[in-house]
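User: I am new to this structure and would like a close look at a single part of it, the open sheet and the residues around it. Please set that part in the context of the whole protein before going into detail.

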Amino acid sequence: MPRTNVPSVLERGILSHERASRITHESAAMQEIQDRRDRKRVPGGLKLHQYANLYFHARNPMLYKRKEDATNLCVLRVSPEVRHLDGVVITDGNAAGELVRFLHPRQYRLLDFDAIFAMSWTHPDDPIAFRRHKLQKCAELLVPHFVEPRFLMGAYVVNHDAELHLSRMFSLPITINAGMFFR
């Protein structure tokens, strides 16, 4: 999350792509992925862009692509209680992926948490394992429309300067974790 969006998140919550498009904000999203997400519908549910998407683990390929901008980003910590909200869906990989499963939160045991929380997804000698693991690293919890601010628990930042900047607008706990940001 770009730090500049935090005041809005504290007021409105974490918004779906559809809702966020109605307000001024800075996006860390990749347009190519957003185009794929725009065409996808959750089986038996809403359009993918109508969900606020939360990664199970922020240290993933998406954050890796944004690592050069780490000082301007933060990772918001969200209470696991969001899984109990009506209409929540979990995925076993990036929701925009081709071979992803959309599951009820009670089916969480079908997720490969060892793969999701692995520090790396590279498999230099096995391109198929690499692609599968890269997809798994971006497993998501999808919340219809938005995540209320009351579910925020804190944030991670890359360094002390980022912590200082974020602390001016954010009263929840802030943890410096350079490794999360590939530093």
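Analyst: What follows goes from the whole protein to the open sheet, and then to single residues beside it.

This is a predicted model, in which local features need pLDDT of at least 70 and side-chain atom pairs count only at pLDDT 80 or more, while totals for chains, interfaces and linings use all residues. Residues are numbered from 1 along each chain as its sequence is written, and side-chain values use heavy atoms, with hydrogens and water left out.

The protein holds seven helices and nine strands, where helices (H or I, at least four residues) and strands (E, at least two) are DSSP runs numbered from the N terminus. Its radius of gyration, taken over C-alpha atoms, is 16 Å, close to the 16 Å that the globule rule gives for 183 residues, so the protein is as compact as a globular protein of that length; the rule itself is 2.2 Å times the number of residues to the power 0.38. Along the principal axes, the C-alpha trace spans about 40 × 40 × 30 Å. Of the 183 residues, 43% are buried, a word that stands for under 20% relative accessible area, with exposed meaning over 50% and partly exposed in between (1.4 Å probe, protein chains only). When contacts (heavy atoms within 4.5 Å) are taken between residues at least 6 apart in sequence, 70% of them join residues at least 24 apart.

The part in question is an open sheet of four strands in the order S2-S6-S4-S5, with antiparallel pairing; two strands count as paired if DSSP finds at least two bridges between them. Strand S2 (51-55) and strand S5 (102-103) stand at the edges with a single partner strand each, so one side of each is left without a neighbour in the sheet. In general, strands of a sheet pair through backbone hydrogen bonds, either parallel or antiparallel.

Strand S6 (residues 140-144) pairs with S2 in the antiparallel sense over five bridges, and Tyr51 stands opposite Pro144 of S6. S6 is also joined to S4 by two bridges, again running antiparallel, and here Val89 has Leu142 of S6 as its bridge partner. How many of the residues of S6 are buried? Five of its five residues are, which leaves the strand mostly covered. Glu140, Leu142 and Pro144 point one way from S6, whereas Leu141 and Val143 point the other way, and all are buried.

The loop between strand S4 (89-91) and S5 contains Gly93, which is buried with a relative accessible area of 0%. Gly93 lies 45 residues from Cys138 in sequence, yet the two are 5.2 Å apart in space, C-alpha to C-alpha. Setting aside neighbours within four places in sequence, Gly93 is in contact with Val100, Leu135, Gln136, Cys138, Ala139 and Glu140, and Glu140 is one of the buried residues of S6.

At the other end of this account comes His145, placed in the loop between S6 and strand S7 (146-147). The phi of His145 is near 70°, a positive value in a residue other than glycine. Most residues other than glycine have a negative phi. With a relative accessibility of 26%, His145 counts as partly exposed, in contrast to Pro144, which is buried.
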